[in-house]
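Here is a short briefing to read with the model open beside you. Have the sequence at hand too, and follow along topic by topic.

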Amino acid sequence: MTARTPSDRSSDSSPQPELPTASLPVPAPAAGAARAGAGAGKSAGKKAKKPARRKAPQTAPAPPAPAAATAPAAPAAIEKPAAPAAPTAPRPRKEPGRGRRVRAARPLDSGDRERLLSGAHHDPHGLLGAHPVPNGVAFRTLRPYARAVTVVAEGLEVRAELNDDGDGFFSGVLPLRAVPAYTLLVRYSDATQELDELEVRDPYGFLPALGDLDLHLIGEGRHEELWKALGARIMTHQGVTGTRFTVWAPNARGVRIAGDFNYWDGTSLPMRSLGSTGVWELFVPGIGDGALYKFDITRPDGSHTLRADPMARRTEVPPATASVVTESHHVWHDEEWLAHRADRSVHEAPFSVYEVHLASWRPGLTYRQLASQLPAYVKDLGFTHVELMPIAEHPFGGSWGYQVTGFYAPTSRMGTPDDFRYLVDALHRAGIGVLVDWVPAHFPKDDWALAQFDGRPLYEHADPQRAEHPDWGTLEFDYGRTEVRNFLVANAVYWCEEFHVDGLRVDAVASMLYLDYSREEGQWTPNEHGGRENPDAVAFLQEMNATVYRRCPGVVTIAEESTAWNGVTRATHYVGPDGFGGLGFGLKWNMGWMHDSLDYVSKEPVHRKYHHGEMTFSMVYAYSENYVLPISHDEVVHGKRALVSKMPGDWWQQRANERAYLGFMWAHPGKQLLFMGQEFAQGAEWSEGHGPDWWLLDPSYEAEPDHRGVRDLVRELNTVYGATPALWQRDTVPEGFAWVDGDAGEDNVFAFLRFDADGSPLLAVSHFSPVVRHQYRLGVPEEFSAWTEVLNTDAARYGGGDVLNADPLKPEPVAAHGRPVSLQLTLPPLATVWLRPV
C-alpha cells in the first residue's frame, strides 16, 4: 500500500469573488484586491485598459492564457466595488435616427431579484435574456459594474439603450414582433474615465447545449463518455462559438461561473438547473482555450463555496487551483500500435514493466522533453511497458499523485494535456506500452475540490464512518451512488480513449473491498449479509473492468490487491465460494511473492535455509490469479531501503545478490515490474525530490562499472526474456512450470523448468550461497541431447566473478529428481543461471 502524505489545504471554504487583471467585460476593481481561492497570488489592482471600439464581433473578447504558476500570496480582504447608483426612475431612451423607444419592462419580483443577486436561482434563463411580451420583446441582463447596456438587433436596424434598474440589472421592452438575433453593447467606466463599449453575445439567448439523451444517461449513471457531457467544452452552439459549462451539483441552491473573464465575480453568469438531474448548464459565448474558471456554488444553507471543476480536463499549475478551458489539437501517430495492440493476449505475451515517477525521473523536464529521452531509455533496456505513477492532477507533490483532485486532468506540472498525449505517442512509436496508476479509492479533503462539493456529502459517503479513510486522512467514494460510480467508470475509459494508455494499475483495491479496512470493532457496519465485504465497491470494480475491456481492445487492468480475495482476475460472471463474482481484472500484483522473496534475500546466506519456503510458497498459489511480480516504489522508500541495500554482505555480495534475485524474478511465473533506479543498483532510497541517482552512471565515478554492470544485466534479462516464449507464453497455467528441485534448502538452490506452448523448456537455477558448487547434478527432460547457458548473472560484464558453464552440457544417464537423465553444472556464488536445449 502506498504511503500517503496529507495534501495541502486551502484555507477558506467560502472565498470572496476573485479578481484578476484581465481587461474583459467588466472594469478592474480597486487596487490591492487578490484572487481568492485560486492559489496563484495574482494582483488585481490594475485598471482596465481602454478597448478599441469594434464593429459587431460575434463573440466576447478572448480571455488571456493562464499565467505560469507562482507561489500563492496570502489572500487579501476584497472590497467589492459598488455598483453604479440606480437612477431615480427608469428613463426611456430614444435611439437617434431609428425611431425606436425603449419601454420599461415589468419589474422583477423581489424574490427573483434577490435570488439572482445571491446566486440562488435555478432558472436565470427564465428572467434574463429576451422574451416575447405583449406588444414587443423584453430584454433583461445582469451586468454588475456596467454604466450602460445597449441592445443591437442584427439585421433589423435596431439599437436601443436599456434602462438601468440598479444592482447591475438593465432592462427594457422593444416594439418587435419576435425575438431577434442580437448582441449587447456594454459600457463601463472607471474612476477617471468612461470606456468605450464592448460588444458581446448574451449567454441567456441560447437554448440548453446539453441534450436529453446525455441527461438521461447521467441520471441512470450509464454515460460512458461523461467527459463529453460535463465540464467545460468548447463548441459552436446555434452558430456561435463559446464554451458550454456543465456541473453536477444536486444539492446546490444555485451555481454561477467565475473566471478570469469576469474578474472572478460570478454574479453575471448564473447557471440553470436542468430538471431533476442535478446538472447545471450555461453556454458562454466567446470563452475559449486557456480561460480560467471555477464554480461559485450556493450551498443549501445559503453560504458560498468556490470549487474547481470535478470534470476539468486541464488545471492551473499547483499550488494554483483553478480549472482551465481546453481542447485537444494533438494529431496522433500511433495508428500502427493501436491496430495491433489486441493481437495477442497480455497473458501470453512478454510483459516487463519499468515503473516511473514521471516528475522525478529527470527532474525539471516537461512532457515533451521527457518524450525525447524516456522512450529511448526504456527501449534500450528492453522493457515492454512503462508504468507511470499517478499523473492525474494533485495538489501536493509529496503524495506522489495518490491524492487526486483533478481526476480528468493530467498534472500541469510538466505541461498541457496535449503535451502528455505527445509523450504517450512517442512511447507507442518506440514500441513501448503505457500503463498509468489510477486512484479510485479515495480523494483529499481540500475545500476547493470534491469534499462536500455542493454543501453536502456528494462524492463521498454520507455516513462519516464510511466516508473517512482511517489511514490517509482522505475521503472514500460512495460507490453505491450511480452518479459517483459513473464518474469513476467514465474516468477509467477517459484515460484509455483520450490518451491512448494501454492499461490502468488500480491502486488500493483492498481498501475498497472491505468495510473494516484499517478500522477497529465499532468503527464499521457490516453489510446486509452481516459480512465485511463492500458490495458497492465490488459492483463498481466489475462495471469498470467490463466497460474498459468492452470499449478498449488490448487494454489491461491491474489490481494492487494485498489480500486473498477470491477471483480478482476472474471474469465477472465467475462466482466464488464467498458468493461474489470475479472482479474482472486482467492482472494482479503478487504482494505475497514480493514480501516473501524480499524477506528471504535480506537474510544472511547462512540463515536462508531456515526461510527456504518463503521462496517456494508462491508456487502453491501461482495459478490462483494472473500475477505481476512487483518491486515497486513502495519497497524502496520510508526506511525500507533500496533493493541492493536490502541485501546482506559487502558491496560485491550485495550486487551479486541483487543480480541473482533479478534472474530468479524474471524466470518465475508471472510478469515483472521494476521501479526506476533499481535497474542500476542505486543504494539510496528513492525521493520524489531528486529522483534516481543518475550520477552513479557517470564514467568519472570510480564505482560506475558496478552500477552499469547491473543495468547491463537488466537489459540482457529483458532481451533473453523477450526471445524465450517459455518465460511468458504459459504464465497463467500450471503446464508452463515444473520444479526440478524445490527442496535444496541446505544448498540455497532453487531449480525449475519453464515451458512454452510447444513444450520447449528453459532451465532456471538460482543459487543464493556465496560459494561455488561444482558438478551440481539436476535432472532434466531426456529428449534433449545438449543444453547451453544463455544467461549467467555472475558474468564479468555484469560485475560478477565470471564463473560460467562455457561448453554445451550433455545429459548423463544418471537419474536425478525423478528424471532418468541429469546435468552436472557449476553453480556460481550468489547467481542465477539460465540454460536452454541446444
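In what sense do β25 and β26 pair, and over how many bridges? The two strands pair in the parallel sense, over four bridges; strands here are DSSP runs of type E with at least two residues, helices are H or I runs of at least four, and both are numbered from the N terminus. To count as paired, two strands need at least two DSSP bridges between them.

Before going further, please note that this is a predicted model, in which local features need pLDDT of at least 70, side-chain atom pairs count only at pLDDT 80 or more, and totals for chains, interfaces and linings use all residues. Residues are numbered from 1 along each chain as its sequence is written, and side-chain values use heavy atoms, leaving out hydrogens and water.

**The barrel**

- Eight strands with parallel pairing close into a barrel, in the order β17-β18-β21-β25-β26-β27-β28-β29.
- From one strand to the next, the twist averages 25°; such angles run from 0 to 180 degrees between N-to-C directions, with axes fitted to C-alpha atoms, for helices over the stretch in contact.
- Strand β18 (residues 385–388) runs parallel to strand β21 (residues 433–438), and four bridges join them.
- Within that pair, V386 has V434 of β21 as its bridge partner.
- β21 is also joined to β25 by four bridges, again in parallel, and here L435 is partnered with G503 of β25.
- Across from R505 stands I558 in β26.
- In β25, G503 and R505 point one way while L504 and V506 point the other way, and all are buried; buried means under 20% relative accessible area, exposed over 50% and partly exposed in between, using a 1.4 Å probe and protein chains only.
- As background, side chains in a regular strand alternate between the two faces of the sheet.

**The annotated active site**

- The "active site" annotation in the unreviewed UniProt entry covers D507 and E560; UniProt positions follow the numbering used here, feature names are shortened, and annotations may be inferred rather than shown by experiment.
- These residues are spread over 54 residues of sequence, yet they cluster in space, with a largest C-alpha distance of 5.4 Å.
- D507 sits in the loop between β25 (503–506) and α10 (509–513), and D507 counts as buried because its relative accessible area is 0%.
- E560 is in the loop between β26 (556–559) and β27 (587–589), and E560 is buried too, at a relative accessible area of 4%.
- The side chain of E560 makes a polar contact with the side chain of R505 at 3.2 Å. A polar contact is a pair of N or O atoms within 3.5 Å; within protein, one must be able to donate a hydrogen and the other to accept it, and residues adjacent in sequence count only if both atoms are side-chain atoms.

**Around F443**

- F443 is in strand β22 (residues 442–443), and F443 is buried, with 0% relative accessibility.
- Beyond its neighbours within four places in sequence, F443 is in contact (heavy atoms within 4.5 Å) with residues including V404, F407, Y459 and F477.
- Between F443 and H469, 26 residues apart in sequence, the C-alpha to C-alpha distance is 9.3 Å.

**Helix packing**

- Helix α2 (residues 212–220) packs with helix α9 (residues 482–498) at about 105°, their axes 7 Å apart.
- α2 is therefore roughly perpendicular to α9; that word covers 65 to 115 degrees, while under 35 is roughly parallel, over 145 roughly antiparallel and the rest oblique.
- L217, I218, G219 and E220 of α2 meet T482, E483 and N486 of α9.
- Helix α15 (residues 651–667) lies across β17 (352–356), β28 (627–631) and β29 (671–675), at about 145° to β29.

**The open sheet**

- Five strands form an open sheet with antiparallel pairing, in the order β30-β31-β32-β36-β34.
- Its edge strands, β30 (737–744) and β34 (787–792), each pair on one side only.
- Seven bridges join β31 to β32, which run antiparallel, and R754 stands opposite L762 in β32.
- α15 packs on this sheet as well, touching β31, β32 and β36 (831–837), and its direction makes about 40° with that of β36.
- Helix α16 (residues 704–722) lies across β34 and β36, at about 140° to β34.
- D758 is in the loop between β31 (749–755) and β32 (761–767), and D758 is exposed, with a relative accessible area of 73%.
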